[in-house]
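Here's a quick briefing to read alongside the model. Have a look at the fold first, then come back for the notes.

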Amino acid sequence: MNKPQILFVEDDTAVGNLIATTLETQDYQFHRAKNGQQAILDALSFRPDVMLLDLGLPDMDGIEIIKKIRSWSNMPIIVVSARADDWDKVTALDAGADDYLTKPFSVDELLARLRVALRRVRYDSQKTSEASARYQNGGLVIDYAAGCAWRDGEELHLTPIEYKLLCLLAKNTGKVLTHNYIISEIWGGSADNAASELPSLRVFMATLRKKLETDQSHPQYIQTHIGVGYRMIQHNRDSAVSPEA
Ligand code: CA
């Protein structure tokens, strides 16, 4: 990838200046939009790799922007907002955002989230260039055709639902998936049955992690977002470990 292109949408001057300075220090190319109309125009004309999006904008709610952009683009969208309720995070993620950062945020945290999003862009482009029947992330390998998974060369003995969960997280590596989304993908049905399936999801997630993670208190693969959902952590390609199997 050439210099990453970032579009950030922020109406607050001080926060906007902080983000601009931060992006400059990293040598990212960026565009700055101060309202929703501009954000959508810039997303179309500037074709950014990643979008940083404030939700409270003068002309439009950020959630509407996410929905509009998702109708034609799959680029990672990181919400940067003062709204800190789980409900707000879930609404933004269900609308199609990839990640969520609450204000006030640390510059290091912002850059870390950006790197994750940019890795997803690279991962996606690589995925479409190799017809990918095989997933590799750190020591985790999934052979989709064979329906098998390994960690550090050791086969994981997963139940069908655990395997489906693992594949769903793997196919969305780097992205936070909400409970509702996971439940509708695994069990089907409407958002109404999501609440009733939540205890089952927790149980299957716990058993999957017991098999996948070597240290339950420091998960290397599946990250919990309390009250929101789960994310498959993207490992660097250089830290990849080849399975012996
Ligand atoms: Ca704002």
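Predicted model: local features only at pLDDT ≥ 70, side-chain atom pairs only at ≥ 80, totals over all residues.

Residues are numbered from 1 along each chain as its sequence is written, and side-chain values use heavy atoms, with hydrogens and water left out.

**Helix α3**
- Helices (H or I, at least four residues) and strands (E, at least two) are DSSP runs, numbered from the N terminus.
- α3 spans residues 62-70, and its buried residues are G62, I63, I65, I66 and I69; buried means under 20% relative accessible area with a 1.4 Å probe, protein chains only.
- These sit on the same side of α3 because they cover an arc of only 160 degrees around the axis, going by directions from the helix axis to the C-beta atoms.
- They pack against α2 (36-46), β3 (50-53), β4 (77-81) and α4 (86-95), with contact meaning heavy atoms within 4.5 Å.

**The sheet**
- Four strands make an open, antiparallel sheet, ordered β6-β7-β8-β9; strands pair if DSSP finds at least two bridges between them.
- β6 (134-137) and β9 (154-155) are the edges, each pairing on one side only.
- Four antiparallel bridges link β6 and β7 (residues 140-143), and N137 has L140 of β7 as its bridge partner.

**R120**
- R120 is in helix α5 (residues 107-129).
- It counts as buried because its relative accessibility is 7%.
- Leaving aside residues up to four places away in sequence, R120 touches R70, N74, M75, P76, D98, T173 and Q234.

Methods: Buried < 20%, exposed > 50% of the residue type's maximum accessible area, 1.4 Å probe, protein only.
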